[in-house]
Amino acid sequence: IFWLEYLHRLWGRLIGLAFLLPFMVFSLKGWVNRAMFIRYAFMMILGGGQGVLGWYMVQSGLIDRPDVSQYRLAAHLILALFIYAYILWVALTLWQNNEFTLFWSRLSLGAGLLVLLVFSTAFSGALVAGLDAGLTYNTFPLMDGKFVPDGLFDMKPIYINFFENIATVQFNHRVFAEGTCVVFLAFWLFARRQAIPDSLALALRWMGIVVIMQVILGISTLVTVVPISLAAMHQSGAVVLLGCSIWVLKESMVRIK
């Protein structure tokens, strides 16, 4: 675990240099307009904040024991996903060369809900990882023979169960994941009844494929008691799913000039 942590730090620093050096050169040569400079500077600030948050997370455990706070782990992951989502959003904007405007509609609001659900599911998954909650209740769809297991609110105060009770944390992750699937299906059925562009239809098809793959990976990871290979694939699938949801949101908001 310490070699993995060390390589992770080096990779993070390499990403920082790979961003900072071209950003400085492009800015000094005037290749970046004011609007894009602000966006890139925001990315740089977020990246620096992620480094600080990573250090703060490590301070909670990896010095004396190979474990960290589930709160700090979840925060570190969510910030990483936010940075990824923001960079992808800007990249999609540049890809279409700004020849469009963005607008909100019932379709784009539904897509925004999908993005929020994917983020929430990933956050709950980070809590599962931080508590090693995947090592228990290794059946699906039931938990200890029940849809709603006993002991969900054994801890006091009640709200602490959502962050520190293993049964509650795993149950919440299942609920968020299942809710994401249901909302995606409803969104897909709604979108089919609209006159949507081919680009949105393509994004929806890819998101549907990734949703199915992520469900299969999640269940497989759980019932096999979280082997590292499947767990890593499941976490990677969450990143790909978030990317697809951002793509769907962007396409649902685009109005060509």
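Predicted model: local features only at pLDDT ≥ 70, side-chain atom pairs only at ≥ 80, totals over all residues.
Reader: How many helices and strands does the chain have?

Author: The chain has eight helices and two strands. Starting from the N terminus, its elements follow the order α-α-α-β-α-α-α-α-α-β.

Reader: What percentage of the residues count as buried?

Author: Of the 257 residues, 38% count as buried.

Reader: Which residues have the most contacts inside the largest nonpolar core?

Author: They are F187, L204, M207, L242 and V248, in a core of 26 residues. The elements that contribute two or more residues to this core are α3 (70-95), α4 (106-131), α6 (166-192), α7 (198-223) and α8 (228-253).

Reader: Take V248, then. What does V248 touch?

Author: Leaving aside residues up to four places away in sequence, V248 touches A111, F187, L200, A203, L204 and M207. There is also a second, separate core of eight residues, which includes V32, Y40, A41 and V90.

Reader: Changing topic, how far apart are the mean positions of the positive and negative charges?

Author: The mean positions of the 17 positive and 12 negative charges are 14 Å apart.

Reader: And what about the surface: how much of it belongs to carbon and sulfur atoms?

Author: The accessible surface of the chain is about 15200 Å², and 71% of it belongs to carbon and sulfur atoms.

Key:
Residues numbered from 1 in each chain as written. Heavy atoms only, no water. Core = buried A, V, L, I, M, F, W, Y, C linked by side-chain atoms within 4.5 Å. Buried < 20%, exposed > 50% of the residue type's maximum accessible area, 1.4 Å probe, protein only. Helix = DSSP H or I, 4+ residues; strand = E, 2+ residues; numbered from the N terminus. Contact = heavy atoms within 4.5 Å. Areas by Shrake-Rupley, 256 points an atom, 1.4 Å probe, with all protein chains shown as cover. Lys, Arg positive; Asp, Glu negative; His and termini not counted. Charge placed at Lys NZ, Arg CZ, Asp CG, Glu CD.
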